[in-house]
Amino acid sequence: MGKNILNNLNSDQIKAVKATEGPNLILAGAGSGKTRVLTYKAAYLVDINQILPENILMVTFTNKAAGEMLERLKSFFQNSNISTLPLAATFHSFCARILRREGKYIGLSPNFIIYDDLDTKEAVRQAMDKLGINRKNFSPGAIASTIAQAKNELIPHLEYAQIARGYFQETAAYIYPVYQNILLENKAVDFEDLIYLTVKLFSDFHEVLNKYQNIFRYILIDEYQDTNYAQYMLSKLLAKRDRNITVVGDASQSIYNFRGADYRNILKFKEDYSDVKIFHLEKNYRSTQIILDAAHTIIAKNQSHPILKLWTEKKGGEKITVYEAANEHDEANFIIENLVNYNIAEVAILYRTNAQSRIIEEALLHAGIPYILVGGIRFYERKEIKDVICYLRLIVNPKDSISLKRAQKIGKKRFEKLMEFRDKIIVGDTQLSTLQIMDGIIETTKYVELYNKENPEDLMKIENIKELRSVAAEFSDLNQFLENVSLIEREYTPDHPAEYIDDGKVTLMTMHAAKGLEFKVVFMVGIEEGLFPHSMSLVDPLELEEERRLCYVGYTRAREKLILSYARRRLYFGQRTANTVSRFISELPEELVDSNYL
C-alpha cells in the first residue's frame, strides 16, 4: 500500500492523517470526510509507522459507523500480509468488553446482563414500589432519565442526594440507591453503567488501567462533540500515559445536549493538552455553496464554540426556496405538490418535533405517496421481540427479576415449560448455539401460538420473531447475542440505520434523527418562532445556540436543494396559534433565497 494511501485525500486531510504522535484535534465540518480521515489515519499508523493494529483503538457512537470503519480498513489491507485489524467499537461496546474481562475487580459477574430502556424503567418501578412511592406522582421514565444523567456525570448513588435540588431530584436521589441494588441483585447493569463502571474500574485499579494503556497506545475518537462527561473521562484516562490521542469533531453539530453531550469537551481538549495540534477540515463534499453559505449565516451567530467556514467546488447551486403557508394544511399540500418534481427516494422531510409528522403523514397517505417514518417502534422494542429476549435472558440468569416478571405475565404455564427446558439444557448439552436455544424455547413454550396467522398484525409479529432468528444465527454464544441486542437497541445517535432509508419512499424524521445522513432534496417544515427555535430555548442563550446548531445540521443534510416552509397560523397540540417567521429564515441573505417565494 505504501504512500499511495494518501492519494485520495486533500492537502488538509493529509496533514491531519500524518500527525500521528501526541494529542491531535481535527475540527471537521459537515460533509468534510472526517470519518474517512480517522480511518486513513489508522491505516497510516499500521502501514507507514509500523504500529501493530492491536495497539490502535477507534471509538465512535454507533455500531454502523464502527462497522464502516472496519470495512474500509479491510479494503486497505486486503492485498497485504496484515491479518488483524485495529479495534473499532462504540464507547459502550468497548466498555462492555472491558467489564466482561475485568469486572471482577469491582464485584461484577462476567455474565452480567445489560438492561435496555424498558428494563431500566421496570427496575425503577420496582424500586419505587419498594419505597412506597406513588408512580402517578413521578414518571418512572423521568426518574430513569435523571439517574442516567447522574451516571453520565459520574455521580455515585450514595452521593447524588448531596447535590439534588428540588423535590423531583431529591426523590430521584432516594430511588437511585434502591434501583442500583436491584441491578446488583439481578447481576445486571444499565446502559450508562457500562461507561460509569469502566471509569470507576480504571480510576480505582491502576494495574487494570495500565494494562489497557499498554494495549491501546493510539486512540482515535470520532464525533467528539457528542461525548458526555463520563466518555470524556474515559478517553482522558486511557490516553493519560502515551498521550497519542486524536479526536475528530465539530462543535457546530453538537445537538444532543439533552442526552448529556457537551461540545465544551472540544474546548477542554485544548486545555488538557497544551501541545495539541489543531487541524481544520473545511472542504465540503456534500452540499452546494449556496446551502453552505445559508448554514454558515445561521451558525456564525453562536459565540461559545469554534465555527468553521465550509467551502465546496460545487459553486453556486439552486437558491433556497422559502414558502409561507396559510396554515398547516396549506404547508402539507405545498410539500405534496412539489414532491412530483423529485425522485422521492432522494427526499427527506425534516421537522423539529415528532408531533409535526401527523399532518404530513395524513397528506402523504391521501396523496398515495409512500413514506418511511424514522422513529416508529424500533425492532427490539416490539412486544414479541422483548418477550423472546426475556426468555433467553432467563436461560442465562434465572434470578433476573425484570425478565422473570415479564415471562410470568406472558403465561405461567409457558414460564414453567421454559424452566423445564432450561434445566434440561443445563444438565445436558451446554454447547447449544443461540439459534438452537431460541428454537427450543419457542417450540417448548409454544409462544407463537399466542398469535393468529390469519390476522395481518399477528402475522407481522410472527415474521418479526423469524427475523430475530436471523440475528441469533450470527451469534453462536448466547451472552454475545444478548449483549449485541442491548447495544444495538440503545445506539447513542437516533435511529437512522440503512434499513430506514427505503428506495421509492420519501423519508420523514426529526432534525435530531437526520444527523449523519444526506439527501439530494430536504424540506424543513414549521420554521416559525416558538416552534423552531423551540419556545423553551428563547430565554436561554445557550439553548438558543443549540437550536442554531440543530438548524445548521438540518440545512447541511441537503446536497442540491433546500426548501423551507412556515405557516402564518398552525393547529399545534390542540391550540390554534398565529406565528411569525423564524429568525432561521429572516436572517438569510436575500441573494441566497428564491425571490419568487418571498
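Where in the structure is the place of lysine 187? In this predicted model, lysine 187 sits in the loop between α8 and β5 (188–190). With a relative accessibility of 44%, lysine 187 counts as partly exposed. A positive phi was also computed for arginine 243, about 65°, and this residue is likewise not a glycine. Arginine 243 belongs to the loop between α11 (229–239) and β7 (245–249), and its relative accessibility of 28% places it in the partly exposed class.

A further backbone feature concerns the peptide bond between phenylalanine 532 and proline 533, which is cis, with omega at about 5°. Proline 533 is located in the loop between β13 (519–524) and α23 (541–555).

Side chains of opposite charge can pair when their charged atoms come close. An α-helix has 3.6 residues a turn, so residues three or four places apart point the same way. The two partners fall into separate accessibility classes: arginine 125 is partly exposed at 27%, whereas glutamate 122 is buried at 12%. Glutamate 122 counts as buried because its value lies under the 20% cut-off.

Glutamate 122 also meets the side chain of lysine 405 in a salt bridge of 2.9 Å, N to O. This pair links distant parts of the chain, since lysine 405 lies in helix α17 (residues 401–410) and glutamate 122 in helix α5, 283 residues apart. Lysine 405 is partly exposed, at 33% relative accessibility.

Helix α5 takes part in another such contact through lysine 130, which forms a salt bridge with glutamate 185; here the closest N and O atoms are 4.0 Å apart. Glutamate 185 lies in helix α8 (residues 166–185) and lysine 130 in helix α5, so the pair ties together parts that are 55 residues apart in sequence. Glutamate 185 is partly exposed at 47%, while lysine 130, at 56%, is exposed. Elsewhere, salt bridges with shared partners connect Lys34, Asp222, Glu223, Asp226 and Lys515 in one network.

Charge is also gathered on the surface, where Lys413, Lys417, Lys424 and Lys446 form a patch of positive charge. Of these residues, lysine 446 lies in the loop between α19 (434–445) and α20 (456–472) and is partly exposed, with a relative accessible area of 44%.

Other parts of the model are covered. Helix α9 (residues 191–204) comprises 14 residues and spans 21 Å from its first C-alpha to its last, close to the 20 Å expected at 1.5 Å a residue. Of its 14 residues, 11 are buried, and α9 is thus mostly covered. Among the buried residues of α9 are Phe191, Leu194, Ile195 and Phe202, together with the charged residues Glu192 and Asp193. Serine 287, in the loop between β8 (277–281) and α13 (289–299), is buried, with a relative accessible area of 0%. The C-alpha atom of serine 287 is separated by 55 Å from that of leucine 131, a residue 156 positions away along the chain.

Methods. Residues are numbered from 1 along each chain as its sequence is written. This is a predicted model: local features need pLDDT of at least 70, side-chain atom pairs count only at pLDDT 80 or more; totals for chains, interfaces and linings use all residues. Side-chain values use heavy atoms; hydrogens and water are left out. Patches are made of residues with over 30% relative accessible area and no salt bridge: like charges are joined within 9 Å, nonpolar side chains (Val, Leu, Ile, Met, Phe, Trp, Tyr) within 5 Å. Accessible areas come from the Shrake-Rupley method with a 1.4 Å probe; for residues, only the protein chains shown count as cover. The place of a charge is taken as NZ of Lys, CZ of Arg, CG of Asp or CD of Glu. Helices (H or I, at least four residues) and strands (E, at least two) are DSSP runs, numbered from the N terminus. Buried means under 20% relative accessible area, exposed over 50%, partly exposed in between (1.4 Å probe, protein chains only). The expected span of a helix is 1.5 Å times one less than its number of residues.
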